[in-house]
Amino acid sequence: MEQYTGFFVTLMLIFIILVFSKYIVWWVKSVIVAYYIVVSYYFITVKNRIDKEFEGISPVPDAYWDQNSGWVDTITNYLFLPLAAILVFIYVKWFTKTQSRKAKILILISLIPSALLYMFFLILFSFAYGYRP
């Protein structure tokens with residue numbers, strides 16, 4: 001489970017964003033958390049199966065890298081596309097609820113670091129789990 005530390009950190013950040021959002025109702029939060037738990041279980045199960053299948057083979061064959069990279073690309077989409085939709089929803093709600101012009105400008109400016117962090121975690125996840133030498 002040590003190899004999944006980065007995955008769990010990413011998952012916890014997604015849960016923090018979700019739980020502290022006041023624009024998403026509790027039952028939708030529950031459904032999204034359940035979705036991420038199922039995706040996480042499925043990711044770890046299949047990744048462990050792929051690792052076990054090619055365990056002890058040296059050098060690591062191209063078939064492993066093809067299978068592993070394909071699986072991580074699929075899970076990256078399952079993790080980060082819903083997160084992008086959640087973030088867009090939160091930002092749209094936040095932007096439409098504010099009244100002052102200054103607050104709206106600051107919200108738009110805050111999109112830049114949010115988008116950079118999103119891209120950072122997406123690339124880091126893909127690189128850490130699906131890297132092919």
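Predicted model: local features only at pLDDT ≥ 70, side-chain atom pairs only at ≥ 80, totals over all residues.
K47 touches Y4, Y64, N68, W71 and Y129, leaving aside residues up to four places away in sequence.

Where does K47 lie? The residue belongs to helix α2, which covers residues 26-53. Is K47 buried or exposed? Its relative accessible area is 4%, and because buried means under 20% relative accessible area, K47 counts as buried.

Let me turn to the charge on this residue. Side chains of opposite charge can pair when their charged atoms come close. Which residue meets K47 in a salt bridge? The partner is D51, and the distance between the two side chains is 3.4 Å, N to O. D51 and K47 both lie in helix α2. They stand four residues apart, about one turn of the helix. How many salt bridges does the structure hold? The count is one. Thus K47, a buried residue, takes part in a salt bridge with D51.

I now move to another part of the fold, the pairing of helix α3 with helix α4. Helix α3 runs over residues 62-97 and helix α4 over residues 101-130. Their axes are 10 Å apart, and the helices pack at an angle of about 170 degrees. Angles over 145 degrees count as roughly antiparallel, and α3 and α4 are therefore roughly antiparallel to each other. What kinds of residues make up the contact of α3 with α4? The contact comprises 19 nonpolar residues, seven polar residues and one charged residue.

Terms used:
Residues numbered from 1 in each chain as written. Heavy atoms only, no water. Helix = DSSP H or I, 4+ residues; strand = E, 2+ residues; numbered from the N terminus. Buried < 20%, exposed > 50% of the residue type's maximum accessible area, 1.4 Å probe, protein only. Contact = heavy atoms within 4.5 Å. Axes fitted to C-alpha atoms, helices over the stretch in contact; angles between N-to-C directions. Parallel < 35°, antiparallel > 145°, perpendicular 65-115°, else oblique. Nonpolar A, V, L, I, M, F, W, Y, C, P; charged D, E, K, R; others polar. Salt bridge = Lys/Arg side-chain N within 4 Å of Asp/Glu carboxyl O.
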